[in-house]
Amino acid sequence: MNKLGLGTKIFLYVILTLGAISMVIPFLWMLSTSIKQPGEVFSTTGGIKWIPEHFFWHDTMVDGKLVRAWWGNYPDAWNAVNLPRLYLNSIYVAVCVTLGQVSTSIMAAFSFARLRFPGRDRLFLAYLATMMIPGSVTMIPVFVIFKHLGLINTYSALIIPGMFSAGGTFMLRQFFMSLPGELEDAAKIDGCGYIGILRNVVIPLSKPAIATITTFTFMGSWGGFMWPLVVTISEQLRTIPIGLNYFVGVNFTNYTQMMAVSMMAVIPVILLFIFNQRYFVEGIKMSGFGGR
């Protein structure tokens, strides 16, 4: 960036600023809508009304005192659907999928990066080729397999298919290959086997890449809609993205309460991103996305 001319820098900053604004505007509209009254969601003039004229508030008694809360859509949305259950289901599924996918990706990436066995590179290419197949194509065969296994409408059906990722394996493999081989040789001299090398050398040095995979996997699982909708029948197994669909009716969509639930749904993702932020950018820069 330091070698670029002033005009190029200004052009890049304008492009980045426009990109950032395009990302922030939907979030601001979601926040604004979550505190509006239903009649204020869409302006009669065709424009967007960012600041509500009348906040949708609630009067509640707290310790004998009347408290007026302008975030009235939030308790209404909380009570309209079984949000605590949806929240717990989403957290349980996202955490299990993240732990499973990160674990399998680490072991597969280490095998493809450090182990020597016949057909390794061809097997890795075949594994990568699965990334070219859209998930919608494999959805029906996977559903049939889980039906014959008797796992439909169970947590296993929600978790197991998400525990394996060719993309995560590829990203970690690229990072593992960048680690000096001398560290592995030193660990072998100290008596470490492959498990010891992976646990004591590779994983501690790969925190940025692992944190990035963790963030992406959690976000993907947390926002998953189609597969949980297909494999769950019981309301007790539904997740938050499906819960948002409850606010969509044939003749009316309750945008204010839907956006209130959406605001509450993004909290875990924001917290995870803040926790992993120091590793996140470094992990993307040093892994496969950097074109190594």
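This is a predicted model: local features need pLDDT of at least 70, side-chain atom pairs count only at pLDDT 80 or more; totals for chains, interfaces and linings use all residues.

A: Residues are numbered from 1 along each chain as its sequence is written, and side-chain values use heavy atoms, with hydrogens and water left out.

A pair of aromatic rings is described by the distance of the centres and the angle of the planes. Rings of Phe, Tyr and Trp (its six-membered ring) pair if their centres lie within 6.5 Å; planes under 30 degrees apart count as stacked, over 60 as edge-to-face and the rest as tilted. A search of the whole structure finds 8 aromatic pairs. One of them joins F124 and F170, with ring centres 6.4 Å apart and planes at 20 degrees, so the pair is stacked. F124 belongs to helix α4 (residues 120-129) and F170 to helix α7 (residues 166-177), so the pair ties together parts that are 46 residues apart in sequence. Helices here are DSSP runs (H or I, at least four residues), numbered from the N terminus.

F124 is buried, at a relative accessible area of 6%, whereas F170 is partly exposed, at 28%. Buried means under 20% relative accessible area, exposed over 50%, and partly exposed in between (1.4 Å probe, protein chains only). Ring pairs also link F112, F124, Y127 and F170 into a cluster. The charged end of R173 sits over the ring of F124, 4.1 Å from its centre; this requires NZ of Lys or CZ of Arg within 6 Å of the ring centre and within 35 degrees of the ring normal.

Turning to the cavity, the search of the whole structure finds 1 cavity of 30 Å³ or more. A cavity is a set of points on a 1 Å grid over the protein atoms alone where a 1.4 Å probe fits but cannot get out, and lining residues have an atom within 4 Å of a point. The largest cavity holds about 40 Å³ of space, the volume being that filled by probe spheres set on the points, which are joined across faces, edges and corners. Its lining consists of R114, L179, P180, L183, E184, I197, V201 and V202. Helix α9 gives the most to that lining, with 3 residues.

Elsewhere, N89 is in helix α3 (residues 83-114) and is buried, with a relative accessible area of 2%.

Technical notes: Helices (H or I, at least four residues) and strands (E, at least two) are DSSP runs, numbered from the N terminus. On a 1 Å grid over the protein atoms alone, a cavity is a set of points where a 1.4 Å probe fits but cannot get out, and a pocket is an open set with protein on both sides within 12 Å along at least five of seven lines; lining residues have an atom within 4 Å of a point.
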